Amino acid sequence: MPSFDAIIIGGGTNGLACAARLQTSGRKVLVLESGGAPGGGALGAEFAPGYRAPGLAHLVNMLDARVETGMDLSRHGLTWAATDLSSTALSATGDHLVLEGAAGEWLTGAVSAEERQAWAALRTELMDFADVLAPFKALTPPRLARGVGNNVWQLGKLGLRTRMMGKDRFREFLRMLLINVHDVLNDELTDPRLKGLLAHDAVLGTWLGPRSPNSLIHLLNRFAGQVAGKRASLAVPAGGMGAVAAAMAASVTASGVTIRTGAAVAGLIVEGDRAVGVTLASGEALRAATIISAISPKATFLSLLGPRHLDTGFVNRIRHMKSRGGAAKLHLALKGRPDFRGADLRSRLVIAPDEQAVELAFNAVKYGEAPDRPVMEILLPSAFEGGHAPDGHHVLSAIVQFAPCRDAVGTDAIRKRYRNQTLAVLEDHAPGITGLIVGEELLLPADIEARYGMVGGNWHHGELSVEQMFFLRPVPGIAQYQGPVPGLWLAGAGCHPGGGISGAAGWNAAERIVREVRS
Amino acid sequence: MRAKTAMKPDPRLHFRTPLLETPFHPRTSAASRLNSWGPWGGYTTVLEYDDLAMEHSAIRNAATVYDLCPMVKYRVRGREAAAYLNRLTVRNVTKLQVGSVHYTVWCDDAGKIVDDGTLFRLAEDDYRICCQERHLPWLLDSAHGFDVDVEEVTDDVAALSLQGPCSYAVLKAAGFDVAGLKPFRMTAFPFDGGEVTISRTGFTGDLGYELWTTPDQALALWDHLFAAGGAWGIRPIGSAALDMARTEAGFIITNLDFIPAHQALREDRVRSPFDMSLDWMIDWEKGHFNGRWALLAEREKGSEWAFVGLDIDGNVSAEHAIIYHDKKHEVGQITAACWSPTVKRNIALAHVKRPYHAEKSENLWVEIYAMRELQYVKLMLKARVCERPFFKPARRTATPPGLF
């Protein structure tokens, strides 16, 4: 067994991004992936004979630009089946509203001139604010102390840039930063379809309703994302979501990184006061000077390392890190082409009749119940290219919110009810679709946790909420990707700036490791 | 039907008895001639029975009984009890044998002391922590990831401290053979249909024992000791006399000599084991324990404070006095002080900024405001850093102990 300078636990997007950046610094890197292939939540899988669906993520909208170009993903096989995807706010009567271009640059559908104008103004403002936030994503969060190695120059530059917006806009930025999306939508807009879609997008993947405090910042975070060089854009990779992970894996392999699949890490080896290696489930021990965990912080500290190697107060903070997942994943194998009352199937389809419907769907799960009318984001990979389903057949992939969380699921009854309510909503918008179903898979948060190791089924490995953002992520004290045990680093979605098919956290962590060891 | 056995009070009715009575209350209240009481851990306890000087004198010359019941007690049981306590406290618990006791402290993440106390190893996987303050939430949080049960048992144990040069003689007369019992060891005896455990521990720095039993045996045990100890002048003592004795012995009390990390409101009030000169207890080789990283860093960088004994000119007690270097610069404060009747010196325990505890300890002065008939008399007295304990008689550790 050759020796390595760094071992990365978890071969998901962030693990691979971290590996790529570290390898270019001259280190020998080993990536340990417990599954059969690297990719984590970016992987696709066959869920019914002949039908393949993206595992969790089905769109790319947050790919870190440093990762995309630094790993030269296009050279390693990443091409797009579609870019600049539109979003369709589905109507049960066929009166759809389509947001075209990046984050709805223009609207198609029956909508008043005043509303178009109002949306254009709001969109401009949101995009401006997203521009302010975007550079922070590529930054190691600062520590709230003096003389602790903060990048003062970079922080000062960003702070100054923010302030340079001018007094009025800066005040507006501060007002909007922590507000809820529901209030903003009702201040500025009137069209229920538009408000429903934006409210839905703001709370996608969170444990928040549109009326929950701080929900707007998630919309800003979304608009701060990019793919293929375009801000707030949506893209579908050719060959399915697995193609992103495959390209990343090909890139790191080409640069000399070793990836071992089927290598589940059972524990960390601590000697003296340093993390010096990992033990695999097989009992094999692997050692390296730098150990990087790209899996959930909770699993890293509570399972792999264990409380006895940590201080009680720190363990408390990790235990109290919130990690509830409200998103379920539905995959349907369809024997024909579904008809969403004429909607373009090569669009991102959103069922969220209005902002109230999104809030009501969240209300239920707060009390451990399943909502009557879930809201959802639908993508049909088979509408973009072949290979996902037999000819003439289709695959529907949907993120359905809000799903009863882990604690509520214990009976098959609630799962069955959630499935039935979801299909009822789908049937209302695409009459006859249930008759086309020949195979299905429903992953509730508990299933996502079991399959992907995402605690609580939360796809950010810990809720991305203001109190768990930036220097508070995953918990205060380790927000700089380091420690607390020397030799141990974090690089997963549980760190700043969170999850999604991005790689930003992994890249940031690698930058920090490279800088730290240099100094 | 009425219950025949005594029941624990309904906790919801706590407001009716803001201070509880200990199982020894019928005896302590009967002996309390001054009716001088003070709160301790939720119980009402005697500060002085009749005469402070006589009570203190009995600690050093006869045999004394002190009601220990309010001391907070936690039981720690389970397969990983030792591993749990090793992570919780700074000492190496695996070195503590069954039937033994050791003094220890435990810290928060920042390496600041949460509390100090004694740890009793009752059986292989069974320990008791005795301490001053309550912090069950911290103990339970620390239990996450360990196969261990932690519960507060303060109410389930009745305890007396029997201290003084004649304490061994009293026990012998009472039928308890503790001749071979070494300091920090314990042994159990059958008593009145129940059991009493006797440990050779105490808070006076003298020959002494602590007796542990169940509340239903409390009064019988008290009566038995007083019946056996009459010839040696056995008598109860209050907290005031004990406080003098413990100052002579150089022992510290949480919230009197340091503020526990979880209670301090001011950032600079917390103290590390280094600050309290208790770092000798830390086992750096045993593996991780709470505060280890912070304490390693402090060991590297140096500490701000030291905890010392002071010998002060004159005979005016210097409680809470400020310490100056060269009569000008504040360098510390006194937390406990008395004119010691035993060593006939004016003694104190104090926090002193380093290096005034050692290298620059030559020119230390204590400013005392002595209230004399409604006016402060301001004294600036010379103080010398000196060895603790101030009083350390050979009889304390002699085994078998002397039959005085």
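The model is predicted, so local features need pLDDT of at least 70 and side-chain atom pairs count only at pLDDT 80 or more, while totals for chains, interfaces and linings use all residues. Residues are numbered from 1 along each chain as its sequence is written, and chains are lettered from A and ligands numbered from 1 in the order in which they are written.

**The interface.** Select chains A and B: 13 residues of chain A are in contact with 13 residues of chain B (C-beta atoms, placed from the backbone, within 7 Å). Helix 11 of chain A, residues 312–320, gives the most to the chain A side, with six residues. By class, that side has five nonpolar, five polar and three charged residues.

**Helix 8.** Next, select residues 216–223 of chain A. Eight of the eight residues of this helix are buried, so helix 8 is largely enclosed by the rest of the structure (buried: 20 or more other C-beta atoms within 10 Å of the residue's own). Among them are H218(A), N221(A) and R222(A). The buried residues pack against helix 3 (113–133), helix 5 (167–177), helix 6 (181–188) and helix 7 (192–203) of chain A.

**Helix 3 against helix 8.** Now display these two helices of chain A together. They pack at an angle of about 75°, with their axes 8 Å apart. Helix 3 of chain A is therefore roughly perpendicular to helix 8 of chain A (65 to 115 degrees). To view the contact, select L126(A), M127(A), F129(A), A130(A) and L133(A) in helix 3, which meet L219(A), L220(A), N221(A) and F223(A) in helix 8. These residues divide into eight nonpolar, one polar and no charged.

**Terms.** Helices are DSSP runs (H or I, at least four residues), numbered from the N terminus. Ala, Val, Leu, Ile, Met, Phe, Trp, Tyr, Cys and Pro count as nonpolar, Asp, Glu, Lys and Arg as charged, and the others, Gly among them, as polar. Axes are lines fitted to C-alpha atoms over the stretch in contact, and angles run from 0 to 180 degrees between N-to-C directions.

Notes. Two residues are in contact if their C-beta atoms, placed from the backbone, lie within 7 Å. A residue is buried if 20 or more other C-beta atoms lie within 10 Å of its own, exposed if 12 or fewer, and partly exposed in between; C-beta atoms are placed from the backbone. Angles under 35 degrees count as roughly parallel, over 145 as roughly antiparallel, 65 to 115 as roughly perpendicular and the rest as oblique.
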